[in-house]
Amino acid sequence: MITGAPLILYLALGLFMFTTGVVGVIIRRNPIVVFMCIELMLNSVNLTFLAFARYGLWYQGTTDHGDISIMNGPMMIIFVMAVAAAEVAVGLGIIMTIFRLRQDIDVDDMNLLKG
Amino acid sequence: MDTSPFNIIIAVLLLPLVGSFLQVALGGPVIRSLGVVKGRKAMGWLAVLPILAAFIVGVYVTGQLAQTTSRDFSVTYFDWIKVLAIRIPFELKIDTLSMTMVLVITGVGSLIHLYATGYMAEETDYPRFFSYLNLFIACMLILVLGGNLPMTFIGWEGVGLCSYLLIGFWYKDVANSKAANKAFIVNRVGDWGLTLGMFLLAVSLAINYKSLPVKSDRFLSYDVILPNVLQLFTGPHAWMATVAAILLFVGACGKSAQFPLYLWLPDAMAGPTPVSALIHAATMVTAGVYLLNRVHILFLMSPFASGVVCVIGIFTATFAAIIAFAQTDIKKVLAYSTVSQLGYMFVGCGSGAYWTGMFHVVTHAFFKALLFLGAGAVIYAMSHEQDMRRYGNLRKYIPITFGTMFVAWLAIAGIWPLSGSFSKESIISAALGDQLAAFGGSPVSQICGYVALLVALMTAWYMTRLMAMTFWGPERWRELVPEAHGHDHARHDHDVPHSHAGHGEDIHGFFFTDEEMAVRQASEPHEEHHGLTADHQPKEVPPSMWVPLVILAILSAGAGYYLNQNGLFEHWLYPNGLEIKAAGEPAEIVPGTGLTLLTVSTVAAVLGIFFGFLVTLKGGRYASRIGWLKDLAFNQFYYDKTMMDASVKGGGEFGRALWQGFDVGVIDRIVNGVASIAGGFGSLLRKTQTGFVRGYALLMLAGGLGVLCWLGYALYQQGGGR
Amino acid sequence: MGILSIITFLPLLGALVLACVPKDAVKVIRVLALLFGLAAFGVSLTIVPAFNSHTFHFQFEEHVDWIPQLGISYHLGIDGLSLWLVPLTTLLTVLSIAFSFYVQHRVKEYMLFMLALETAMLGVFVSLDMIVFYTFFEFSLVPMALLIWIWGGERRNYAAIKFFIYTFAGSIFMLVGMIALMFLNQRVSHNPSFDIVDIQHNVANGRLWAGAMTAQPFIFWSFMIAFLVKTPAFPFHTWLPDAHVEAPTAGSVILAGILLKMGTYGIFRFCLPLFPETITRQAPIIAWLGIIGILYGAIVAAVQPDWKKLVAYSSVAHMGFVLIGIVSLSEAGLMGASMQQLNHGISTGALFLMIGLIYERRHTRLFKDYGGLKAQIPIYTTLFLIVMLSSVGLPGTNGFIGEFLAMLGFFESGFNHLYGLNVVMAGIAGTGVILAAAYLLYMFQQVFYGPNKNPDNERLKDLKPWEIGIVLVFVVFIFWGGLYPNTFLAPMEASVEATRLMAIDGPKARPSWANADDEINMSEDAAVRGRFERHHLPVDGAEPIHPVGEGTMAALAASPVSLLSSAQPNPSRGVTTP
């Protein structure tokens, strides 16, 4: 019997974090804040993965437990964290370059791709 | 069948062709080396000799032909077009019809060539003229000697081409070129009919190959067509004879200037007078009559077609005669007279007596060529004045011309025993006695015959008017101011400013330099304008010009009598008679009076001459009463103007409307429209590329949500993902 | 390495050699290009005497598998239809290269494109695999468009883009059709194949279209659209005037002389043999397009102020005759169409070349800048007159033969009420000769007759000897084709008749390229000439060895079609098997 908070609460927290992150990405104009919201989304996904791993839902309902690893969830988390780190590195570099160029990093002003 | 004595006939074709080529090749060098006068004389003789030689060969071959019994030979050289469907060899047909035409063409042709050496003596482009003239003779000979319809067509179009080149000979005046274009294009309308007729004959023979009496794949050769259609176009297929005949007649109308395709002939008078004599009087325009004689079986089998020929012939004859009354240019009177006489020939052919058409061709060649050459002599004497209102009493000054034209005038009026009377009489008697030409059973040629008598009177009348205005009466040319302008004289511009405008660097040497230009202008021969001054007398023509006139006068006088004896010409042309008996006995002209045709036609001719003198020399006061008729007649009843406006201006407007309105306006608009649709679609799609990053993010969110919803729906469908 | 591959790729080799020459060595480039052109011409002439005129099967065949999984093979071959197109291509290219000695700007690329274009054009005419055909067909567009784009007139951007996209769009449909044919064939023979010999074999015995007859019109039209755009037929012709006016002279010569033939050749090669039921039914539509093209082209040509545009519209009119000859599906008509292709190449190529000669001097194409040139440049005028007469179809020149035979064939089919045609259409088409005379003579008069009023024309010198030489080559062919056309007609006969029988006969009576026993009777007897025979020995109740197909006009007399019956004959008649 798994004790602790019910799974649904973890999922709810994850959903809340994700939604916040999404809304932040769309609404905020400062790219650094956008990156923070992206981090928020990624972490919410991490939390969800972990919750499912913890609560064993990966193999709930299957008869054979042998070929499904309990470590699938945490494995994904490691990948996500690596990607997040790389993305932040590159993204912050881009922001620095743009700032040096324009002295302004408002996302709405970066519309050179306009057709 | 041993055709070896006739193999020489190819020389008749080759001699003028070689002559034409030699004129082009040797003309420049000879004139440069011998000087202008002598050089031109040499080139002139070089032009006459091939035609003369061809005439001699023609006489020889005719003699050979006359000694045979069948009088019908064919010489084949090679296969011109050979496909699985049809074979058209290069074959020449030597029979009485073709040799008669050969003799006329080369005989009259050589006389006209001789005349032209004198007439064109001041012409700068002397060799070019004779090369075209020789080429014309060659093409005309191919036309008459051709043994199948396409060969005749080669000659047909070839003479059309030469006519075009010769009418537009003085090309510096655009009006001449336009007349040449008109001649070629109107001829082409006739050619359309001729080609369709050819196709009809070929296809109908081929489709019934099994039942043909003469089985051969040369479906367009005369010796295959004529015997076959005799058997084939009978019964339920009789209409094919009518259709084929009418289509071929359309072609003949184009070449022989019958209504409605006659309108090129008056304009063709823009060419030099020898051209008018040779092409538009003696030879080319008779090609239609020749064709009708060739395929006469078709017309014999179709009363309707013969009726059409008769009616169109007589209508043209009358129409042209009326117009001739009002013309003031001497050449135009003769042109309309030619159209009218051609109508006569067609009446003869339509009545089933095809030999009468050819008879009139021969006599007409003599006296009409004489009239044209005489008119040319008058024009030459009057320093290129062509308006008859400025002539008068010329018989005192140019007696030889007058004497010869006198003979021709009586011949064309139909005074016995000159040649014209015999040929006209034979036509009229054939028309009056004929039962062939009929529309739906009622014969038409009697009416045509009576109208032809009336036209004979009119012919005598207007020709007398021409003669009276020119050779009798007061000397109206004495009232002239000395600056008479020439009608058929090439103009030479001296005053066009020279352009030194920059052509840039002339690295390829395309242009003459200043020095070269100076040399060119110094060496160009100048042409003199000489107007007729008040004390300037018209001078008689040189012998090179009056010798042909005299010869033609002798022929005009005696040829008719000679050929008519005992039906010599009729039996020569049609030794076996006609395949279907057509011509009946001539009825009494006016029933109950016992008047013979000879009497009536002579009376008509004399009356015409009498009225001609009366009206022309004395009858000025009646002129105003019929002034409206004169104006109408002068303008060809506005037929020419209407046709030209409709085709040239109307055609131009239609073409431009078609081009701008349809090609550019509709088709190109659609094409460019399709292109701009692609562009428009692109600019529509462009609006999604806002460059607004947050908008892109929102779209990504929406897309992601959409995928999730779809995934959820699919899982739900599957039953919850088990 | 077969002779056809050598002919096809020799110019490309020349282009590669030229690519290595530095671009300043202009003289070397010109001479090299001319040499390669002459070499290609010389080699292409060697196939003419070695050609067997009595068989319709492909000769000088080369067959190498290229992509067997898709059925694409490198298959080249020549038959009567393409025999004369190959030397025509090489000849016109040589003469264009010789003329292009006047080009001063970027000579290396120019000659390179000309030679590459020559390879593409030759490849179209010799290839027997559909994908190879398509490749060469499309490949010819690129150098041509570049020739227009770089060396053209003022509106060259528009003209080049229009030319490229218009013809490319048309042939995309053809690609779809080709793939469809491959699949249909695969249904029957269980192997993918784009080879037309294989596909036609299955069409000939009726197995390919059995059960797919409803798809036939669609695939037919997909091919036809591509070829109609290329021909060009009304209403798909509007790319031609723009392309011709803006192209450099040599480009126009090649465009008119050869590229337009690719369209009609395609109809001969694909639409006739592979779609027998459809072509006999769709004939009236194509006939009307041809007739309208003849009349429309002539009328619009007469009002043009631009010399080259006039000749461009005259091309539309001439190709109209080719179309009506093809669609008449009669032997005379098809021979006339095939001959008219060649004649048009010579006469219109010559016209453009001569216009180019004057354009090099005066840099204007408008009639109002000319007039009275005959006195100034008489030799040029005489040569132009001869070429113009060939265009007008004067008997004695080559133009007459093609038009005459095409119209004769069209009249024949109309007279016999075959394929939905009638004689009224033939009559209307015949009026085209009147209009042709009208616009050509008007053009001649505007340029050469009248007074010489324009001071810029005063100093024009006549043609140089080498220019006269180039034009004389055309004149020789004009008279050769007019006076002794059998040189050109005789080798084409067997193939033309076979193609025709492939189109009109019923299954089992159609000749097939794949079947070596099939032959056309070429005897002298008009009653059996042109019939199709299958010469294998009978094997226990198999098909007979007697003539099984209908032939020419005379042989038609054996069939129930005659004067007496005006009923619409079954288009797949001719099955006389007992």
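**Notes on chains B and C of a predicted model**

At 26% relative accessibility, C:F60 counts as partly exposed, a class lying between buried, under 20% relative accessible area, and exposed, over 50%, with a 1.4 Å probe and protein chains only. This is a predicted model, in which local features need pLDDT of at least 70 and side-chain atom pairs count only at pLDDT 80 or more, while totals for chains, interfaces and linings use all residues. Residues are numbered from 1 along each chain as its sequence is written, chains are lettered from A and ligands numbered from 1 in the order in which they are written, and side-chain values use heavy atoms, with hydrogens and water left out.

To stay with C:F60 for a moment, this residue sits in strand β1 (residues 59–67) of chain C, where helices (H or I, at least four residues) and strands (E, at least two) are DSSP runs numbered from the N terminus. Although C:F60 is not a glycine, its phi is positive, at about 55°. In chain B, B:A257 likewise is not a glycine and has a positive phi of about 55°, but B:A257 is buried, with a relative accessible area of 0%, and it lies in the loop between α8 and α9.

That loop of chain B, between α8 (238–255) and α9 (264–267), also holds B:P260, and the peptide bond leading from B:F259 to B:P260 is cis, with omega near 0°. Chain C has a cis bond from C:T231 to C:P232, with omega near -10°, and C:P232 is in the loop between α10 (216–230) and α11 (239–246).

Turning to chain B as a whole, its secondary structure comes to 25 helices and four strands, and of its 722 residues 57% are buried. One buried residue is B:L201, at 0% relative accessibility, which is placed in helix α6 (residues 174–207). Leaving aside residues up to four places away in sequence, B:L201 touches B:L149, B:I225, B:V229, B:F233, B:A244, B:L248 and B:L298, contact meaning heavy atoms within 4.5 Å. B:A244 is 43 residues from B:L201 in sequence, yet their C-alpha atoms are 6.8 Å apart.

Finally, in chain C, helix α15 (residues 331–362) and helix α17 (residues 378–392) pack at an angle of about 150°, their axes 9 Å apart, where axes are lines fitted to C-alpha atoms, for helices over the stretch in contact, and angles run from 0 to 180 degrees between N-to-C directions. The residues making this contact include C:L351 and C:M354 of α15(C) and C:L383 and C:F384 of α17(C).
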